[in-house]
Amino acid sequence: MPQEETTSLAHSRDSHSEPRYDAQRIETRWFERWQQDPSLYAAEPSSTKPKYYVLEMLPYPSGALHMGHVRNYAIGDALARYMWMNGYNVLHPMGWDAFGLPAENAAISAQTPPREWTLRNIENMKGQMKRLGFAYDWTREVTTCFPEYYRWNQWFFLKLYEKGLAYRKKSKVNWCPKCATVLANEQVVDGCCWRHEDTPVEQRELEQWFLRITDYAAELLCDLDKLSAWPERVRTMQRNWIGRSEGTLVEFRLEGQIGLAGSKIPVFTTRVDTIYGATSVQLAPELPLVADFIAQDPSLGGKVAQLLAEQRKAKEAGDISAIEKHGVNTRRHAINPYSGERLPIWIANYILTDYGTGAIMSVPAHDERDYDFAKKYGLPIRLVIVPQTADPEETMADPSLPFTGCDGILINSGPFSGLSCEEAMAKMAAHAEKGGFGKPTVTYRLKDWGISRQRYWGTPIPILYCEKDGIVPVPEQDLPVILPDNVEITLAGGSPLARIPEFVHTRCPKCGGPARRETDTMDTFVDSSWYFYRYTDAHDDQAPFAANIVCYWFPIDQYIGGVEHAILHLIYSRFWTKFMRDMGLVKNDEPVERLFTQGMVIKEGAKMSKSLGNVVSPDDMVRRFGADSARLYSLFAAPPDRDLDWKDDGIAGIYRFLGKVYRFVSRNAAARGPSPGGDPETSEPAPLQPEARAMQRKLHQTIRRVSDDFQGRWHFNTSIAAIMELVNEMHSFEEVVSRTPLPANLALLAVVQRELVVLLAPFAPFLAHELWEMLGEKESLLRVPWPKYDPVLAKEEEIQIPVQVNGKLRGLVLVAAGSSEDTIREAALEDVKIKSAIAGKAIARIVVVPGKLVNIVVE
């Protein structure tokens, strides 16, 4: 245990007789007491109080907690306690994202069934959370791998299927060979698996289930404007991922191939004004039309295979835009529907099937990629837009190529020549629609959500395949489809469920004939897309939740988690909410009112990881310094939205500070006296000695600072620093009281230390409760009213103002707060140091910024 500081005061007892801050003894006592009351942190079922739903993102139970968890949960816990003390009916639950790859992979490596592994980890992590003093309502605990939860995943899937929002198709999918499963687009980071950052993702073609999230793309994008209390960084990431593009869909006719599939080649372009500059049409290697070309000309097969290999390698590297551009001329042509010109059709490795239509018109004079490709293969480069000049009579010089600006005038563009780019885009889109070969179109980068996973540890998809009736949904009354136990899990291809005959083979509920079950399981982001609704009604066995209960609690007032979930969990959960709203289950459009994304906890400049050997265990910190020290340091060491570089000597300093507080209150717990302060009607301060007035002022300034941080920027590091400053002031005042034990001083000391304990309660609850009891308080500290500051008592009576001479600091003057410019100017000129600095010089002017600065300009 670290050495503790001692405070040597005139009236103090010998340091050896001072009470020792024993964090383990104090915290164990309160931990045991709190465990005896399961309703301690429960929300009130019916209340006239305003509600407040604060939530931290639920964890994967694939191991023990780390300090990143502690920081996240300490933020939410401090806020929950603050809101309780401000009279709110607070909902603060916790649960477990228990399905998925982390738990299953860990179970494979440990040769332990996933369920056993997961539940053991849950028990351990829950114990850690309780020991850390996090104020969760465990009566609402949700565990997503339990049938009573995933039954409703399956129910939602059936509702999505009924509405046509769940469908099955063969698709190129992202495959992680280490996970042996499919990944959603959002789970591929820089060409690698989001869980295994050194494992390149492969492309495979499989039958998959998808959710039609694209039906909500426009609303998901538009409603970001409603989320003003979300970090702009997160909203920008979502806007970019949804990726709205406004343009024109144009059909190029395949020349001489009327009978060939794909006789029209649809191209989406955001710059239809450049279409007269198109000198080729280019196709993605995986486009179905390319397969038709290869069937007619087998010599293309090897060349296209090479393009595909290059494209796949670029995807694995994570930057398709950096690919060295290669192409193959098909010797076929397409007709430009605007000009009637024959354009050669190429297949190019930088064109992607899932971007736009998988085909582009190549306009090398006005696109950088197209320009590079045309120069490489000798394709024509035709200028069709020139910069617009201020003088319309002036001759426009040809720009350097490629010219990609949108502020130009069309040339060489038939009847559209002479139009501005903006005017041409509108007229040319309308012309395509009138001619039946195109139309104005909006597209989105967002793709439908592939939820099929070829793994065991997930929610079984409630679908049957009947030889007679095809795809048949499992009837609602047969839910849940139970995930079987004792399944052999390997990394061999395909779902482990497919190797369990008693699971696979069943009867069709429609015709009674033989049928087989779907053996894929759902993406675990399905579990986390709606779990926070289940918290409000966690034990309902008739519905996922009661609509009236959800209506009371939603939207979530404050959600806290990592920014890494910006385009995964947070987009999916917004989609899920909008679907449930359309079902009539909820009334809110968005699940979360306010979002906070905390920074990471790092050590020695690197993200904590077992491989680097820099992981800090919360258990070790609690054992050495106590839970309060671990919590307080995680909030003090850096602003919550910034990364925290963990330092063991930093938490030791926090431990010493808490010991200092403990000893102070131990010495002064008996302080009593008549109530100090102002008349409650006038808020005028009572006559106090200057030292007492300074103590009173510092108390109210600290209350204001901590309250403002909770209500605004959440810089708890400055809140805790303010409390430390208050404690230092209290020690100085303690000496005053020992010299002058006036009743008013004793009373003020009693008030200040009581308010100190209340201010500490959200950050260091164990010690705060111990000191609260030491002070003889009977009211529950969890519900005691948060202190209010008095702006009159918080106001400084005198302030220091820096004085500059020609911009250089030369001294400080002390003036009454609120002094006029003349008074400040006079004080500055009378200061001895300033007189010396300006002696013998002429004053040109004096600039006074009231309350801030004086600058004397001399010549």
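Trainee: How many helices and strands are there in the protein chain?

Mentor: Happy to start there. This is a predicted model, where local features need pLDDT of at least 70, side-chain atom pairs count only at pLDDT 80 or more, and totals for chains, interfaces and linings use all residues. Residues are numbered from 1 along each chain as its sequence is written, and side-chain values use heavy atoms, with hydrogens and water left out. With DSSP runs numbered from the N terminus, helices being H or I of at least four residues and strands E of at least two, the protein chain has 25 helices and 34 strands.

Trainee: What kind of aromatic pair do Y161 and W209 form?

Mentor: Rings of Phe, Tyr and Trp (its six-membered ring) pair if their centres lie within 6.5 Å; planes under 30 degrees apart count as stacked, over 60 as edge-to-face and the rest as tilted. The search of the whole structure finds 56 such pairs. For Y161 and W209, the centres are 6.0 Å apart with 65° between the planes, and the pair is edge-to-face.

Trainee: Nice! Which parts does that pair tie together?

Mentor: The two parts are 48 residues apart in sequence, because Y161 lies in helix 5 (residues 147-162) and W209 in strand 9 (residues 202-211). So the pair ties together helix 5 and strand 9.

Trainee: Is W209 buried or exposed?

Mentor: Buried means under 20% relative accessible area, exposed over 50%, partly exposed in between (1.4 Å probe, protein chains only). Y161 has 26% relative accessibility, so Y161 counts as partly exposed. W209 has a relative accessible area of 1%, so W209 is buried.
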